[in-house]
Amino acid sequence: MSHNNHYDVIIIGSGAGGGTMARALAPTGKRILILERGGYLPRERENWSSQAVAVDKRYSPHETWYFDERPFRPSHPHYFVGGSTKLYGAALIRLRERDFEEVEHGGGISPAWPISYADLEPYYTMAEKWYYVHGQAGIDPTEPTRSAPFPYPPLEHEPRIQQLNDDLQRLGYSPFPLPMGVKLGYEDGQEGPLTVLSNFDGFPDPTESKADAHVIGIKPALQYENVSLKTHSYVERLDTNGNERKVSSVVVKQDDGTRVNYTADWVIVAAGAINSAALFLRSKSEYHPNGLANSSDLVGRNYMSNNNATFIAISKEPNDAIFEKTLAMADFYWGSEEWPYPMGFIQMLGKADEVALRYEAPE
C-alpha cells in the first residue's frame, strides 16, 4: 500500500454527517480524505425548475431500487458533494430530551438511545452557529433545554403567514418560528450572497445561501491543506483482512472502472442511512458473514424514512407569500387526548407551483 494512500482519517460521504465531521476535524492537522461517490451539483437554469427537479428527477440517481419486489427509481438520495442537503429544505430542529429515552409509539416501542440529549446539546449549539440557524427559543412548549439562544433571529413571517400564526394562537396553540438554516447576507457583518427564498425548499441553490453540507462543511474543510476530497469515488466495500475489529482497507471504484485501495487509522462511514447500511452488507467476509456492524442481523432490515404527509388547505383569502416556510407547531408532538402517541411536528412547506402539484396529484 502506497504511503500516499494512507490517511489518518477517511470520511465516506460528504453530506450532513460527513461534511460536518470534515469541518470539525480539519483544524486538527490530521491527514483527512473525504470520499464522495458523486461530483459537484452543477449551477444551471434547471436548479430552479419544478419540471426538472420534481418531475424529471434531474438530480436523482439513475438507480433501480425495490419495494416488495417492485422496482422503482428513487427520488432520494442525491449523490453530490454535500449529499442530499443540496436539495433539502434546511429546517433544522433539535430532538427533544424524551426522544432519547424509550418511547411508545402507535406502531411499537422505540428503544432508548445509548446517549442522552445532554451529550449532544453542545454539538447542537455548535452546529446551529455553523449552519446559520435562524430561530427563537421560549415559544414552543416542547422545546428542549438550551445552553445558548439561537445564533440568529427568526425569519420574519410574511403577512399571510403572520395572520395564520395569530389565528393559531387565538385557538390556544403555540406556533413558533421554524428554525431555518440560511445565510441572509448580514449574519457575519458583511454583505453575503443573493438570497432567493422563493426557490429554496427542495431545490438546489446556485446562490449558495442555503446552509447545506457542501457550503457549510466541505468548503471550509478544504481550506486546510491536510484535507482532500475525491469525487466520483464509490466505496464498494470495507475489508478487514481477518481482523474482527478494524477496517484494513477501503476499496473504491472510480468512474473509469478502476479500483483503488485506501487505508486509514480511522474510517468514518457517513453515506446516509440507506447507503451506509448497504456498504456494511456489501462488506461480508469469513469473519463477518452478515456484513460489518451487524452482529444483530438487523442492519438494512428496518425501513428508514422522513415520515411525513403534505396537506393542502383551500383558503378564501389569497396566499401571496413568497416564502411561507417560517411557521411550525409541536402541540401534538407527544400526542393528544384522542391519540396518546407521538405525532411529531406540523410545519409550513415552501410554495408548490402547478407543475409540481399536477405531478403529485392522484390520477
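Is Arg37 buried, exposed or partly exposed, and what is its relative accessible area?

Analyst: Arg37 is partly exposed, with a relative accessible area of 26%; buried means under 20%, exposed over 50%, and partly exposed lies in between (1.4 Å probe, protein chains only). This is a predicted model, in which local features need pLDDT of at least 70 and side-chain atom pairs count only at pLDDT 80 or more, while totals for chains, interfaces and linings use all residues. Residues are numbered from 1 along each chain as its sequence is written, and side-chain values use heavy atoms, with hydrogens and water left out.

The side chain of Arg37 forms a salt bridge with that of Glu63, at 3.2 Å from N to O. The term stands for a side-chain nitrogen of Lys or Arg within 4 Å of a carboxyl oxygen of Asp or Glu. Helices (H or I, at least four residues) and strands (E, at least two) are DSSP runs, numbered from the N terminus. Glu63 is also partly exposed, at 21% relative accessibility.

The count of salt bridges comes to 14. Another of them joins Lys219 and Glu208, whose closest N and O atoms are 2.7 Å apart. Lys219 belongs to helix 5 and Glu208 to the loop between strand 9 (180–181) and helix 5, a separation of 11 residues. Lys219 is partly exposed at 34% relative accessible area, whereas Glu208 is buried at 13%. Glu236 and Arg259 also pair, again with closest N and O atoms 2.7 Å apart. That bridge links strand 11 (residues 233–239) with strand 13 (residues 259–269), the two residues being 23 apart. Arg94, Glu121, Glu128 and Arg146 are linked in a network.

As for the packing, the largest nonpolar core has 22 residues, and Tyr131, Met180, Phe200 and Ile216 have the most contacts inside it. Such a core is a set of buried Ala, Val, Leu, Ile, Met, Phe, Trp, Tyr and Cys residues joined through side-chain atoms within 4.5 Å. Helix 5 (residues 213–221) gives the most to this core, with 3 residues. Apart from this core lies another, of 18 residues, including Ile12, Val235, Phe280 and Val299.
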